[in-house]
Amino acid sequence: MTTLRPILLVEDNPDDERLTLRALSRGNLANPVVVVRNGEEALQRVFGPEALPCVVMLDLKLPKVDGLEVLRQIRASDRTRLLPVVVLTSSSEDRDIIESYSLGANSYVRKPVNIDEFTDAVRQLGLYWALISELPPNLL
């Protein structure tokens, strides 16, 4: 039996965390969701002994280590450079969007202000990255 790889949610806002978890559960994903609340914890999880997640959902404005630095370090390692990273943030600043893609983000999604739109966007993201998208063989 294959063990499902987790989704790593990097989110410091408890309200956004709760909404994201609810949206992912509405997508009926069997993948577990691991939540970390700052960039330092995200790096420890990604570079720790655990299996890599199937996707990292990464906020940019994080305590300790910001999301762009987390993305930079993920892309700098041979082990994790192909790991899917979706930036999920409230920032719509052009420089954040450009920097995220320049550093190798797979997608940049601005958190909608409307709760229903947010829930639907996260549910679709979870379904796509956990069920539809195929990971490179070296990440399995």
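## Sheet

Four bridges connect strands S1 and S2, which run parallel. Strands and helices here are DSSP runs, numbered from the N terminus (E, at least two residues, for strands; H or I, at least four, for helices). The model is predicted: local features need pLDDT of at least 70 and side-chain atom pairs pLDDT 80 or more, while totals for chains, interfaces and linings use all residues. Residues are numbered from 1 along each chain as its sequence is written, and side-chain values use heavy atoms, without hydrogens and water.

The open sheet has five strands in the order S2-S1-S3-S4-S5, with parallel pairing. Pairing requires at least two DSSP bridges between two strands. Neighbouring strands are turned by 20° against each other on average, direction ignored. The angles are taken between axes fitted to C-alpha atoms, on a scale from 0 to 180 degrees.

## Nonpolar cores

The largest nonpolar core has 22 residues; Val10, Val46, Val56, Leu58 and Val70 touch the most other members. Such a core is a set of buried Ala, Val, Leu, Ile, Met, Phe, Trp, Tyr and Cys residues joined through side-chain atoms within 4.5 Å. S1, helix H2 (39-46), S3, helix H3 (67-76) and S4 each supply at least two residues. H3 gives the largest share, four residues.

Valine 56 touches Leu8, Val10, Val46, Leu83, Pro84, Val85 and Val86, leaving aside residues up to four places away in sequence. Contact means heavy atoms within 4.5 Å. A second, separate core of 18 residues includes Met57, Leu88, Phe118 and Leu125.

## Helix H5

H5 (residues 115-132) has 18 residues and reaches 25 Å from first to last C-alpha, close to the expected 26 Å. That expected span is 1.5 Å times one less than the number of residues. Its buried residues are Phe118, Thr119, Val122, Leu125, Gly126, Trp129 and Ala130. They lie on the same side of H5, because they cover an arc of only 130° around the axis. The arc is taken from the directions of the C-beta atoms as seen from the helix axis. These buried residues pack against S1 (7-10), helix H1 (14-26), S3 (55-58), S4 (85-89) and S5 (107-110).

The face turned away carries the exposed residues Asp116, Leu131 and Ile132. Buried means under 20% relative accessible area and exposed over 50%, with partly exposed in between (1.4 Å probe, protein chains only). Aspartate 116 has a relative accessible area of 61%.
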